[in-house]
Amino acid sequence: QVQLVESGGGLVQAGGSPRLSCAASGRTSTIGTMAWFRPAPGKEREFVAALGWNAGNVFYTDSVKGRFTISRDNTKNTVYLQMNRLKPEDTAAYLCAGSRTSTQDMYVMMVRQVYGSWGQGTQVTVSS
């Protein structure tokens with residue numbers, strides 16, 4: 001089992017640039033992919049970004065491309081989500097997720113059912 005703990009959320013003004021962190025513990029050697037999700041209208045969890053833990057390949061949903069950057073520090077077993085030029089519609093509880101699956105297929109990385117480990121979430125509230 002992999003345990004995930006997010007941090008870095010809070011109240012941010014529109015245009016702000018917070019960075020979220022997700023620290024993994026437990027059987028971290030089994031991690032293939034790490035990702036960030038958030039709730040969205042009509043969806044339980046909307047894909048935001050994903051990163052191949054060993055290959056380093058990254059994917060983003062269209063609404064955050066060019067504004068968010070997902071990265072990792074393997075020595076700390078931590079994945080980050082740098083959020084830039086925040087908009088009020090980015091307000092959400094951001095959830096970190098981990099999967100055993102390693103893939104180059106973006107469409108697989110976007111599927112929430114691929115992820116078996118989830119954090120509790122960290123709230124980001126963007127004020128206009």
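**Strand pairs, rings and burial**

Glutamine 13 stands opposite serine 127 in β11. This is a predicted model, in which local features need pLDDT of at least 70, side-chain atom pairs count only at pLDDT 80 or more, and totals for chains, interfaces and linings use all residues. Residues are numbered from 1 along each chain as its sequence is written, and side-chain values use heavy atoms, with hydrogens and water left out.

Q: What makes β2 and β11 a strand pair?
A: Two strands pair if DSSP finds at least two bridges between them. Strand β2 (residues 10–13) and β11 are joined by four bridges and run parallel, so they count as paired. The strands themselves are DSSP runs (E, at least two residues), numbered from the N terminus, while helices are runs of H or I with at least four residues.

Q: How do you know that β9 pairs with β11?
A: Three bridges join strand β9 (residues 92–99) to β11, in the antiparallel sense. Alanine 93 has glutamine 123 of β11 as its bridge partner.

Q: Why are β1 and β7 called edge strands?
A: The open sheet of four strands has the order β1-β3-β8-β7, with antiparallel pairing. β1 (2–7) and β7 (68–73) each pair on one side only. Six bridges join β1 to strand β3 (residues 19–26), where glutamine 3 stands opposite serine 25. β7 pairs with strand β8 (residues 78–83) over six bridges, and serine 71 has tyrosine 80 of β8 as its bridge partner.

Q: What lies over the face of tyrosine 80?
A: Arginine 19 does, at 4.1 Å from the ring centre. A charge sits over a ring if NZ of Lys or CZ of Arg is within 6 Å of the ring centre and within 35 degrees of the ring normal. The charged end of arginine 45 likewise sits over the ring of tryptophan 118, 4.2 Å from its centre.

Q: Why is the pair of phenylalanine 37 and tyrosine 115 called edge-to-face?
A: Rings of Phe, Tyr and Trp (its six-membered ring) pair if their centres lie within 6.5 Å; planes under 30 degrees apart count as stacked, over 60 as edge-to-face and the rest as tilted. A search of the whole structure finds four aromatic pairs. For phenylalanine 37 and tyrosine 115 the values are 5.4 Å centre to centre and 75 degrees between the planes, hence edge-to-face. Tyrosine 115 and tryptophan 118 are also edge-to-face, at 6.3 Å and 65 degrees.

Q: Why is phenylalanine 37 called buried, and what is tryptophan 118 called?
A: Buried means under 20% relative accessible area, exposed over 50%, and partly exposed in between (1.4 Å probe, protein chains only). Phenylalanine 37 has 0% relative accessibility, so it counts as buried. Tyrosine 115, at 5%, is buried too. Tryptophan 118 has a relative accessible area of 23% and is therefore partly exposed. Phe37, Phe47, Tyr115 and Trp118 form one aromatic cluster.
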